[in-house]
Each structure stands twice: as structure tokens, then as C-alpha cells.
Amino acid sequence: MLGAFYINGPDRVAPGGGCVTQNNGAWTAAGGVLFVDQPAGTGLSRAGPAGPPTSTAAAAAQLHSALLTLFAPGGALEAVGGRPIVVAGESYGGKFVPALAAAALAHEAASTSAGAVACNFGGVAAAADARPPLRVAGAAVGNALVDASRQVLTHADALYYRGALDAAQWGAAT
């Protein structure tokens, strides 16, 4: 949640502390921003009695359902329901953002004016759902973990060329 409180939020703590300054590059200046710890049970979030989701697809289905509830008529954010949204994330968000966007797009594609539809995303079946679909306008990932087996192999090289590892340490790591 560092991004919510420091990088993308409306304010910043000045170097050395003591005062708060406005963040002129804040995402909140361009639109509404909702930060979510994903999956439930990590960071500042809590999992329900069933526990945290056990797969990326299950986490995406769970968050998708929560967002539908928030934006639906009668939901806490119904005033902004129906507006286009951009799903964004960093780090493991490289897995969660595409999964959430795909779940939302699958629900939108399956939705009909006839009412409730059932979706199956990534092997996770969603119950029939009459809530209006999310309008996903885009997806963005930054510093994304998309292929851990390849990306992690570059860490030793990056540390060596930045001077954080000497030649012996680099050789042992590679």
C-alpha cells in the first residue's frame, strides 16, 4: 500500500518529515482512485472465514465480485458505478491485474439484458450474477512480476552492475 500512501496519493511527507506537501503528480488529480490489497488476507486486508483465495483466478473472482458489489445500485460506490475503470497494479499485480481484467471482461461478455448470467473464469465458476458489469477501459502494470522464473534470474546481474555485489558474490549467485 506504499503507492496509496506515498507514490500515487494526494499528499507527500516532505523529506525529513515535519510537514505534508501536495503531490502534483497524484493519480487522484486525474480521477477517483480505489486502492485494494490483493488477495484478501495480505497487507492491510483481512480474509473472511473461508480464508484467503488459493489461486490467482480465485483471487480475481473474489475481487471482481467485491467490486461489482461496491459499484452496484445500493453499493457504497454506486455513484461512480457504470463509469469506465482502469485496473492497475505493480509487482505481483502483473498476475492479478490481467486476471481481474479478464474476469471483468468475461462477465461483461456473458451479461445479457435477460438478467443473471453464470461465468467461468480460469476454472473458477462464478455464481449467476445480475449485477451490472464493470466497464474496464484499460489495464496497466508497473514493475510487474509476470514470469518469475525468468525475472528472478536477472537479480544477481542487476545487483552486480549496480555495485551491490562483488565479483565473487555475483559468481556464486549465477
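# Questions and answers on one chain

Visitor: How exposed is Q151, as a relative accessible area and as a class?

Guide: Buried means under 20% relative accessible area, exposed means over 50%, and partly exposed is in between (1.4 Å probe, protein chains only). Q151 has a relative accessible area of 26%, so its class is partly exposed.

Visitor: What pLDDT do side-chain atom pairs need in order to count?

Guide: Residues are numbered from 1 along each chain as its sequence is written, and side-chain values use heavy atoms, without hydrogens or water. The model is predicted, local features need pLDDT of at least 70, totals for chains, interfaces and linings use all residues, and side-chain atom pairs count only at pLDDT 80 or more.

Visitor: Where is Q151, and which residues does it contact beyond its neighbours within four places in sequence?

Guide: Q151 lies in helix α4, residues 148-151. Contact means heavy atoms within 4.5 Å. With neighbours within four places in sequence set aside, the contacts of Q151 are A144, L145 and V146.

Visitor: What is the volume of the largest pocket?

Guide: A pocket is an open set of points on a 1 Å grid over the protein atoms alone, where a 1.4 Å probe fits, with protein on both sides within 12 Å along at least five of seven lines; lining residues have an atom within 4 Å of a point. Grid points are joined across faces, edges and corners, and a volume is the space filled by probe spheres set on the points. For the largest pocket the volume is about 1500 Å³.

Visitor: Which of the lining residues are closest to the centre of the largest pocket?

Guide: The lining of the largest pocket divides into 31 nonpolar, 12 polar and five charged residues. Ala, Val, Leu, Ile, Met, Phe, Trp, Tyr, Cys and Pro count as nonpolar, Asp, Glu, Lys and Arg as charged, and the others, Gly among them, as polar. Of the 48 lining residues, the closest to the centre are L34, F35, V86, V87 and A88.

Visitor: Which element gives the largest share of the lining of the largest pocket?

Guide: The elements that give two or more residues to the lining are α1 (2-7), α2 (56-71), β3 (84-91), α3 (93-110) and β6 (135-144). The largest share, eight residues, comes from β3.

Visitor: Which peptide bond is cis, with omega near -5°?

Guide: Most residues other than glycine have a negative phi, and most peptide bonds are trans. P39 is in the loop between β2 (20-22) and α2. The cis bond, with omega near -5°, runs from Q38 to P39.

Visitor: How far apart in space are P53 and P39, C-alpha to C-alpha?

Guide: P53 is also in the loop between β2 and α2, and at 18% relative accessibility P53 is buried. Its contacts beyond four places in sequence include P39 and Q62. P53 and P39 are 14 residues apart in sequence, and their C-alpha distance is 6.9 Å.

Visitor: What is the phi of N143?

Guide: N143 is in strand β6, and its relative accessibility of 69% makes it exposed. N143 is not a glycine, yet its phi is positive, near 50°.
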